[in-house]
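Here are my notes on the model, as numbered points. Please read them with the structure open.

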Amino acid sequence: MVEMANITIVLCTFNRCKSLEKALESIARTTVRESEEWEVLVVDNNSDDETREVVDDFCRRYPNRFRYFFEPRQGKSYALNSGIEKARGDVLAFVDDDVTVESTWLQNLTAGLGSGEWAGVGGRILAQWPCVPPPWLPEKEWFGRAPLTVFDLGFEAGPLTDAPFGTNMAFHRRIFEKYGTFRTDLGPGPNGKIRNNEDTEFGRRLLSAGEQLKYEPAAVVHHPVPQDRLTRGYFLTWWFNKGRADIREAGVASDTKWLVSGIPLYLFRRVAVGTLRWMATLNPSRRFSRKLAVWLAAGMMVESYRRSKDDAHKREKLKCV
């Protein structure tokens, strides 16, 4: 039997008052079943633009529908975790401040959670292109889609084998009570360097614990592709930071035997072989895809080295105690 639930949409924002207004306008047009209650909790992560004024306007226009909360600790995971704490719903849906949602998005995203079969659900994230994609962009490959926050597994609903993206996902509140919240050492932060994995790490945590996650293609959000992201430099930086975040999330495997300054030997081989493949490839998009793989591995090397130095420093401090 499907149970009805109260839903809180958690939207975290930082200095994006223009896109935030568009996102909230689309959410305000949401339609759900009459028996369901829902709210929107906007968590302002220390913005210094007109974010507060934008949210206050929606609070006036839609009384008891929109709420505002200020989180001064810089970092998206802090904002997400504050949203979880302050939410009133027993189902929490997450969406970003730079997307627009279809009117049936919330109903379609959360409908499957009432049965108790699924711990969480992720929907489709479709790109809105400002221009024709550049020829070097590996659009149909993982290396091309991920930095643009595209998540599209087709039109058939079913179980997920990988984590959904944070701009279109929902979970039961009890899942956070059981498995914890988002890791604050991951995700966008004040230094802007570690920018990844706060959302996908949580999804992988659930999958590793044997929880079932659903892919719901009927829950659609549209994500604009900013012009300034369509540069090689942006993609290279994103994948380098992704490599760092991967090591920060999972660390170096404990059974890794060969290390050089804390860096697994296989990463040296991966960079060397990847560089040769990149240099030998002529097709523009495939060539750039292989270059991105090298930058990913390089980021993993840098974070492995940093963690090794940090661990050594901690051991020295313990010796002095």
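1. Helices (H or I, at least four residues) and strands (E, at least two) are DSSP runs, numbered from the N terminus. The buried set in H7 is Glu198, Asp199, Thr200, Glu201, Phe202, Gly203 and Leu206. Buried means under 20% relative accessible area, exposed over 50%, partly exposed in between (1.4 Å probe, protein chains only).

2. A word on the basis. This is a predicted model, in which local features need pLDDT of at least 70 and side-chain atom pairs count only at pLDDT 80 or more, while totals for chains, interfaces and linings use all residues. Residues are numbered from 1 along each chain as its sequence is written, and side-chain values use heavy atoms, with hydrogens and water left out.

3. The largest pocket has a volume of about 1,100 Å³. Its lining has 47 residues, and Lys76, Asp96, Pro188, Arg195 and Glu198 are the closest to its centre. On a 1 Å grid over the protein atoms alone, a pocket is an open set of points where a 1.4 Å probe fits, with protein on both sides within 12 Å along at least five of seven lines; lining residues have an atom within 4 Å of a point. The volume is the space filled by probe spheres set on the points.

4. Which element gives the largest share of that lining? H7 does, with four residues. By type, the lining divides into 17 nonpolar, 15 polar and 15 charged residues. Gly counts as polar; Asp, Glu, Lys and Arg count as charged.

5. Asparagine 197, in the loop between H6 and H7, has a positive phi of about 80 degrees although it is not a glycine. Asparagine 197 counts as buried, at 3% relative accessibility. Just after H7, glycine 210 has a positive phi of about 90 degrees.

6. Asparagine 15 also deserves a look. Its phi is positive, near 55 degrees. Asparagine 15 lies in the loop between S1 and helix H1 (17-28). Its relative accessible area is 29%, so asparagine 15 is partly exposed.

7. Overall, the chain has 10 helices and 11 strands. The radius of gyration, taken over C-alpha atoms, is 21 Å, close to the 20 Å that the globule rule gives for 321 residues, so the chain is as compact as a globular protein of that length. That rule is 2.2 Å times the number of residues to the power 0.38. Buried residues make up 49% of the chain.
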